[in-house]
Amino acid sequence: FSLVISDWMMPGVDGLELCRNIRQSGADSYTYVILLTARAQREDHLEALDAGVDDFLTKPLNQGDLAARMKTAQRILTWEHQLQDVNESLLRNAMVLATQAAEIDRMREEEEYLATHDMLTGVLNRHAWFTAATSTKPTAVAIFDIDFFKGVNDEHGHPAGDGVLIHVTQRLNDALVDQATLGRIGGEEFAALFHVAFTDAEEACSAALDAVG
């Protein structure tokens, strides 16, 4: 209910307890409470205000006073409803903005990924791999090349060649997992930046040979 007019002294539940129950109900909209009372002491009014009462009417009830207080209640409730509408609109707009911001972040991440990764194989592209090579301190570098790859494209077509490149990338990634950063630096050329500690160049060569199995 938008407006409740209640007596203070009632059997069972008095007006203050009723008001407290209304305030604790968690209702979505505000309920304006007018309390009818013969009590006129300042302490009584403070107690009622503390319980959540909005306004008072002193007994015996005057119809003109009641009409005036109800008009005041109507104005306040109208403002409250308008404020609620504004808050709901702001919440909807905030949700829309949050969704748009998330989409912008996703698009930015996708653009950053596409700018640094080979679209076919998913590993670092040439520029990104060489940037990593110059900005980090790899323990070893290995270059891999697919022999006779042109013949695959000429005989079976480029889709088949793409399939070979994807398969080779998967094999290299599986073999080099947690050991190296893989990149595609040419048509059929791949390169790896090793990050593990090798005791000598022979061990590094062995790791690279293991990758191509």
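Which side chains meet in a salt bridge at 2.9 Å, N to O? The side chains of arginine 108 and aspartate 105 do. A salt bridge here is a side-chain nitrogen of Lys or Arg within 4 Å of a carboxyl oxygen of Asp or Glu. The model is predicted, so local features need pLDDT of at least 70 and side-chain atom pairs count only at pLDDT 80 or more, while totals for chains, interfaces and linings use all residues. Residues are numbered from 1 along each chain as its sequence is written, and side-chain values use heavy atoms, with hydrogens and water left out.

Arginine 108 and aspartate 105 are 3 residues apart in helix H3, which separates them by about one helical turn. Helices (H or I, at least four residues) and strands (E, at least two) are DSSP runs, numbered from the N terminus. An α-helix has 3.6 residues a turn, so residues three or four places apart point the same way. Helix H3 also holds arginine 106 and glutamate 110, 4 residues apart, and these two form a salt bridge with their closest N and O atoms 2.9 Å apart. Glu103, Arg106 and Glu110 are linked in a network of salt bridges. Arginine 106 is partly exposed, at 41% relative accessibility; buried means under 20% relative accessible area, exposed over 50%, and partly exposed in between (1.4 Å probe, protein chains only).

The structure has 8 salt bridges by this rule. One of them joins arginine 69 and aspartate 55 at 3.0 Å, N to O. Arginine 69 lies in helix H3 (residues 63-116) and aspartate 55 in strand S3, so this pair ties together parts that are 14 residues apart in sequence. Aspartate 55 is buried at 14%, whereas arginine 69 is partly exposed at 28%.

Next comes helix H2, residues 42-51, where Asp44, Ala48 and Ala51 are buried. Seen down the helix axis, these residues fall within an arc of 60°, so they line one face of H2; the arc is that of the directions from the axis to the C-beta atoms. They pack against helix H1 (15-23), strand S2 (32-37) and strand S3 (55-58), contact meaning heavy atoms within 4.5 Å. The face turned away from the buried side carries the exposed residues Arg42, Glu43 and Asp50. After H2 comes glycine 52, with a positive phi near 110°.
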